[in-house]
Amino acid sequence: QVQLVESGGGLVQAGGSLRLSCAASGRSFSTNVMSWFRQGPGKEREFVAAISWRGGRTYYVDSVKGRFTISRDNAKSAVYLQMNSLEPEDTAVYYCAADAFSFREGFSERSRDYGYWGQGTQVLVSS
């Protein structure tokens with residue numbers, strides 16, 4: 001059974017940091033772009049960050065540039081999202097996702113291009 005399992009969410013004060021982890025099992029995603037999405041209260045799910053399958057390139061939504069860092073460790077089948085300088089607007093359920101296709105060279109912000117999803121981890125940022 002293919003699974004993506006997120007962890008690391010929690011409650012943090014504005015200005016604080018959290019590190020989210022995503023552990024993959026059931027198959028290797030070492031040739032898939034991996035991304036993080038989030039869905040805030042009353043909002044649609046939105047793209048946050050992506051990392052190329054080799055790990056050398058990253059892409060971020062403008063609102064998190066300079067604050068969030070995505071990384072991956074293919075040997076551990078894991079993807080991470082380091083979140084610094086958190087703001088109340090970052091409050092959301094954060095989801096890990098794997099591209100439906102291998103060896104994609106670009107990045108997609110569209111949910112429908114991702115074939116595998118985790119169950120999400122809640123991040124609450126208090127003001």
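The model is a predicted one. It holds eight aromatic pairs. Phe37, Phe47, Tyr59, Phe107, Tyr114 and Trp117 are linked by ring pairs into a cluster.

**Phenylalanine 37 and tyrosine 114**

- These two residues form an edge-to-face aromatic pair, at 5.1 Å centre to centre and with 75 degrees between the planes.
- The pair joins distant parts of the chain, 77 residues apart: phenylalanine 37 belongs to strand E4 (residues 32-39) and tyrosine 114 to strand E10 (residues 114-117).
- Both phenylalanine 37 and tyrosine 114 are buried.

**Tyrosine 59 and phenylalanine 107**

- The pair formed by tyrosine 59 and phenylalanine 107 is stacked, because the ring planes lie at 5 degrees and the centres are 5.9 Å apart.
- This pair also links distant parts of the chain, with tyrosine 59 in strand E6 (residues 58-60) and phenylalanine 107 in the loop between strand E9 (92-102) and E10, 48 residues apart.
- Tyrosine 59 has 31% relative accessibility and therefore counts as partly exposed.
- Phenylalanine 107 counts as partly exposed because its relative accessibility is 25%.

**Charged ends over rings**

- Arginine 19 places its charged end over the ring of tyrosine 80, 4.1 Å from the ring centre.
- Over the ring of tyrosine 95 sits the charged end of arginine 45, 4.1 Å from the centre of that ring.

Key: Residues are numbered from 1 along each chain as its sequence is written. This is a predicted model: local features need pLDDT of at least 70, side-chain atom pairs count only at pLDDT 80 or more; totals for chains, interfaces and linings use all residues. Side-chain values use heavy atoms; hydrogens and water are left out. Rings of Phe, Tyr and Trp (its six-membered ring) pair if their centres lie within 6.5 Å; planes under 30 degrees apart count as stacked, over 60 as edge-to-face and the rest as tilted. Helices (H or I, at least four residues) and strands (E, at least two) are DSSP runs, numbered from the N terminus. Buried means under 20% relative accessible area, exposed over 50%, partly exposed in between (1.4 Å probe, protein chains only). A charge sits over a ring if NZ of Lys or CZ of Arg is within 6 Å of the ring centre and within 35 degrees of the ring normal.
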